[in-house]
Amino acid sequence: MFRALAGLALVLLLSAAHAQPAPSRLDEIVARGTLRVGMTGDYLPFTALDKETKIFRGFDVDMAQSLGKALGVKVEFVPTSWPQMMKDFEADSFDIAMGGISITYDRQKKGLFSTPIMREGKTPIARCADKGKFETLAEIDKPGTRVIVNPGGTNERFARANVTAADIRVFSDNTKIFDEIAKGDADLMMTDASETRYQQKLHLGVLCAVHPDKPFDFAEKAYWMQRDVALKAFVDQWLHITREDGSYAKIYAAWFE
């Protein structure tokens with residue numbers, strides 16, 4: 001009888017040991033002491049990478065540092081690109097993607113999004129002299145109109161879904177794409193309203209955002225994480241606190257106002 005009870009106890013202990021949950025991604029980040037943040041570095045005001053110094057700057061760079069501070073870990077920025085981002089995410093090259101990431105079904109299938117940080121949508125930016133010519137998709141989608149897009153992201157996807165008669169030109173360097181419009185080598189780009197506002201400031205009097213307050217579609221930006229509910233809960237709580245204590249507004253004002 002004693003042996004039977006002892007054997008049963010051993011089985012229960014072994015079962016309990018096997019039933020212990022695996023460490024969460026949040027636990028791994030804290031233990032590692034580093035939060036790996038994937039960034040394209042080509043999307044101001046969210047993220048920009050200086051090719052010489054290899055230093056990132058932008059709204060989401062500052063937000064990433066805030067998140068790292070809340071976690072008590074260092075932030076390691078991992079360069080990626082819009083065409084490569086999904087593959088890098090699946091390869092576990094980073095814990096979280098930041099830098100103007102739009103919520104999409106394809107990305108949701110692979111990971112988890114934080115609560116949205118921004119609501120906006122696609123809208124045109126064109127030379128100020130041509131601003132009135134491109135207020136609707138019907139006005140844009142005409143033969144002879146030159147639409148420029150960066151490859152692999154939601155901008156290209158939106159253009160190809162809505163433009164059939166106009167010419168679409170793919171331009172790989174997202175840091176110089178607006179200069180193509182300014183110098184007359186393209187007529188417009190349809191991108192996120194926040195980016196059109198920012199580029200309008202950078203190209204004051206040359207490029208103008210077209211109705212950024214009334215974009216063509218609905219979209220939200222958020223932070224894209226590997227599928228871990230503990231990490232998502234922490235990120236969501238951090239976002240909530242930053243909005244309540246004013247730190248989010250301070251970072252936002254530095255880049256968007």
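Let's start at Cys208, which is buried, with a relative accessible area of 14%. Buried here means under 20% relative accessible area, while exposed means over 50% and partly exposed is what falls in between, using a 1.4 Å probe and protein chains only. Before going further, note that this is a predicted model, where local features need pLDDT of at least 70 and side-chain atom pairs count only at pLDDT 80 or more, whereas totals for chains, interfaces and linings use all residues. Residues are numbered from 1 along each chain as its sequence is written, and side-chain values use heavy atoms, with hydrogens and water left out.

So what does Cys208 pair with? Its partner is Cys128, in a disulfide with an S to S distance of 2.1 Å. The criterion is a pair of cysteine sulfur atoms within 2.5 Å, and a search of the whole structure turns up 1 such link. The link is right-handed, with 90° about the S-S bond. It connects distant parts of the chain, 80 residues apart: Cys128 sits in the loop between strand E9 (122-127) and helix H6 (137-140), and Cys208 in strand E13 (residues 207-209).

Now for the charges. Taking a salt bridge as a side-chain nitrogen of Lys or Arg within 4 Å of a carboxyl oxygen of Asp or Glu, the count comes to 21. Asp130 takes part in a salt bridge with Arg127 (3.1 Å, N to O) and in another with Lys133 (3.2 Å, N to O). Asp130 is buried at 12% relative accessibility, and Arg127 is buried too, at 16%.

Elsewhere, Asp192 and Lys221 form a salt bridge whose closest N and O atoms are 2.5 Å apart. Asp192 belongs to strand E12 (residues 188-192) and Lys221 to strand E14, so this pair ties together parts 29 residues apart in sequence. Asp192 is buried, at 3% relative accessible area, and so is Lys221, at 1%. There is also a network: salt bridges with shared partners join Arg25, Glu28, Arg32, Arg36, Asp92 and Asp95.

On to the pockets. On a 1 Å grid over the protein atoms alone, a pocket is an open set of points where a 1.4 Å probe fits, with protein on both sides within 12 Å along at least five of seven lines, and lining residues have an atom within 4 Å of a point. A volume is the space filled by probe spheres set on the points, which are joined across faces, edges and corners.

The largest pocket holds about 360 Å³ of space. It is lined by 13 residues, and the closest to its centre are Ile103, Thr104, Asp217, Phe218 and Ala219. Helix H7 (154-162) and strand E14 (219-221) each supply at least two lining residues, with H7 giving the largest share, 4 residues. By class, the lining has 6 nonpolar, 3 polar and 4 charged residues. Nonpolar covers Ala, Val, Leu, Ile, Met, Phe, Trp, Tyr, Cys and Pro; charged covers Asp, Glu, Lys and Arg; the others, Gly among them, are polar.

The second largest pocket holds about 300 Å³. Of its 20 lining residues, the closest to the centre are Gly41, Leu44, Ala48, Arg57 and Thr175. This lining divides into 6 nonpolar, 6 polar and 8 charged residues.
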